[in-house]
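Trainee: I am new to this one. Can we go through it by question and answer?

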Amino acid sequence: MKIIKLILLVITLSISVYSCQEKGDKSIKKSINKAIVENTYNDIDAAIVHYNKLKNEDAKAYNFDDENELNNLGYQLLNDNRIDDAIKIFTLLVSEFPNSANPYDSLGEAYLLNNNTELAIKNYKKSLELNPKNENAEIAIVSIHNKN
């Protein structure tokens, strides 16, 4: 399972870097994920403050449009077994991209790893509402119900 997460992280990082390229001059916005990891990774509350500060003061320089930036950070935290911190980042991700299914799916996964099945189901259901084809959310919900 960790290998799969690592592979997914590498793929999403690659996609994120590629999608950062702007049409025309091909300049690349700075990675908000990298900015957080380099400056405040060990203190996620400070990281969220840093994120909001950069978004308010230098939004054009950083890639705030790609949900994979925060999603990748959340999975980095999960891989480091920092589940509570991952939940904070995925919660920020949901607030930044409330109409996207993937943030809710990621938050559901973090809650599930934190043994909070009620919030896991709630987020998986929201993910399914936004993307009825999300098989991961369907499988997770069925799995949770079967365990209970």
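Trainee: In which crossing, left-handed or right-handed, does helix 4 pass helix 5?

Mentor: The model is predicted: local features need pLDDT of at least 70, side-chain atom pairs count only at pLDDT 80 or more, and totals for chains, interfaces and linings use all residues. Residues are numbered from 1 along each chain as its sequence is written, and side-chain values use heavy atoms, with hydrogens and water left out. Helices are DSSP runs (H or I, at least four residues), numbered from the N terminus. A crossing is left-handed if the near helix is turned anticlockwise from the far one by less than a right angle, right-handed if clockwise, and helix 4 passes helix 5 in a crossing that is left-handed.

Trainee: How many nonpolar residues does the contact of helix 4 with helix 5 have?

Mentor: Contact means heavy atoms within 4.5 Å. Ala, Val, Leu, Ile, Met, Phe, Trp, Tyr, Cys and Pro count as nonpolar, Asp, Glu, Lys and Arg as charged, and the others, Gly among them, as polar. By class, there are two polar, two charged and, for nonpolar, eleven.

Trainee: How are helix 7 and helix 8 therefore oriented to each other?

Mentor: Helix 7 (residues 117-130) and helix 8 (residues 135-147) pack with axes 9 Å apart, at about 150°. Their crossing is left-handed. The two are therefore roughly antiparallel.

Trainee: How many charged residues are in the contact of helix 7 with helix 8?

Mentor: The contact includes Ile 121 and Lys 125 of helix 7, and Glu 138 and Ile 141 of helix 8. The residues divide into eight nonpolar, three polar and, for charged, two.

Trainee: What does the angle make helix 2 relative to helix 3?

Mentor: Helix 2 (residues 32-40) and helix 3 (residues 44-57) pack at about 135°, axes 10 Å apart. That makes helix 2, relative to helix 3, oblique.

Trainee: Is the crossing of helix 2 and helix 3 left-handed or right-handed?

Mentor: Among the residues that meet are Ile 32 and Ile 36 in helix 2, and Tyr 51 and Leu 54 in helix 3. The contact has eight nonpolar, three polar and no charged residues. The crossing is right-handed.

Note on methods: Axes are lines fitted to C-alpha atoms, for helices over the stretch in contact, and angles run from 0 to 180 degrees between N-to-C directions. Angles under 35 degrees count as roughly parallel, over 145 as roughly antiparallel, 65 to 115 as roughly perpendicular and the rest as oblique.
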